[in-house]
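Please read these notes with the model open beside them. They are set out as numbered points, each of which can be checked against the atoms.

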Amino acid sequence: MGSYKFKYAGLRYEVALALSSNDIVWINGPFLPGDWVDIAIFRQGLVDKLDENERVEADDGYRGEAPKYVRCPCSMECVNEP
């Protein structure tokens with residue numbers, strides 16, 4: 001299967017970096033680009049690895065998990081946070 005966005009074959013990976021050190025702390029994949037959206041990949045793996053009260057910083061593709069697991073720019077729950 002190819003990527004509709006880039007018009008050629010590709011794979012998707014979820015990669016998490018530690019904000020304090022820029023170390024790679026999580027890699028999940030590969031996923032076929034047409035079969036998986038960002039939030040489905042997150043729900044399939046990384047969300048279960050988070051500690052209690054731990055969240056990730058992510059783009060708006062993850063807003064369905066805000067504010068419990070994700071802090072993202074457009075989520076109304078996250079707008080007034082520091």
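The points below go from the overall fold to the core, the salt bridges and the surface.

1. Basis. This is a predicted model, in which local features need pLDDT of at least 70 and side-chain atom pairs count only at pLDDT 80 or more, while totals for chains, interfaces and linings use all residues. Residues are numbered from 1 along each chain as its sequence is written, and side-chain values use heavy atoms, with hydrogens and water left out.

2. Fold. Helices (H or I, at least four residues) and strands (E, at least two) are DSSP runs, numbered from the N terminus. Among contacts (heavy atoms within 4.5 Å) between residues at least 6 apart in sequence, 18% join residues at least 24 apart.

3. Of the 82 residues in the protein chain, 29% are buried. Buried means under 20% relative accessible area, exposed over 50%, and partly exposed in between (1.4 Å probe, protein chains only). The accessible surface of the chain is about 6100 Å², and carbon and sulfur atoms account for 52% of that surface. Accessible areas come from the Shrake-Rupley method with a 1.4 Å probe; for residues, only the protein chains shown count as cover.

4. Strands 3 and 4. Strand 3 and strand 4 pair in the antiparallel sense over five bridges; two strands pair if DSSP finds at least two bridges between them. Within this pairing, Arg12 stands opposite Phe31 and Glu14 stands opposite Asn28. The hairpin has six residues between the strands, and Asn22 takes a positive phi near 65° there.

5. Core. The largest nonpolar core has 12 residues: Ala16, Trp26, Phe42, Leu46, Val47, Leu50, Val56, Ala58, Tyr62, Ala66, Val70 and Cys72. A nonpolar core is a set of buried Ala, Val, Leu, Ile, Met, Phe, Trp, Tyr and Cys residues joined through side-chain atoms within 4.5 Å. In soluble globular proteins, nonpolar side chains tend to be buried together. Leaving aside neighbours within four places in sequence, Val56 is in contact with Phe42, Leu46, Leu50, Tyr69, Val70 and Arg71.

6. Tyr62. Which residues does Tyr62 contact, leaving aside its neighbours within four places in sequence? They are Glu14, Asp38, Ile39, Phe42 and Val70. Tyr62 is found in the loop between strand 5 (56-57) and strand 6 (70-71), and is buried because its relative accessible area is 12%. The C-alpha atoms of Tyr62 and Phe42 are 8.0 Å apart, with the two residues 20 apart along the chain.

7. Salt bridges. The count comes to three, where a salt bridge is a side-chain nitrogen of Lys or Arg within 4 Å of a carboxyl oxygen of Asp or Glu. Side chains of opposite charge can pair when their charged atoms come close.

8. Arg12 and Asp38. These side chains meet at 2.1 Å, N to O. The pair links distant parts of the chain, with Arg12 in strand 3 and Asp38 in helix 1 (residues 38-44), 26 residues apart. Arg12 is partly exposed at 24% relative accessibility, and Asp38 is also partly exposed, at 25%.

9. Arg43 and Glu65. The N to O distance in this salt bridge is 2.5 Å. Arg43 lies in helix 1 and Glu65 in the loop between strand 5 and strand 6, so the pair ties together parts 22 residues apart in sequence. Arg43 is partly exposed at 42% relative accessibility, whereas Glu65 is buried at 15%.

10. Arg71 and Glu57. The closest N and O atoms of this salt bridge are 3.2 Å apart. Arg71 is in strand 6 and Glu57 in strand 5, 14 residues apart.

11. Surface patch. Leu11, Tyr13, Val15, Leu17, Ile24, Ile27 and Leu32 form a nonpolar patch on the surface, with about 690 Å² of accessible area together. The elements that give two or more residues to the patch are strand 3 (12-17) and strand 4 (24-31); strand 3 gives the most, with three residues. Patches are made of residues with over 30% relative accessible area and no salt bridge, with like charges joined within 9 Å and nonpolar side chains (Val, Leu, Ile, Met, Phe, Trp, Tyr) within 5 Å. Ile27 lies in strand 4 and counts as exposed, because its relative accessibility is 55%.
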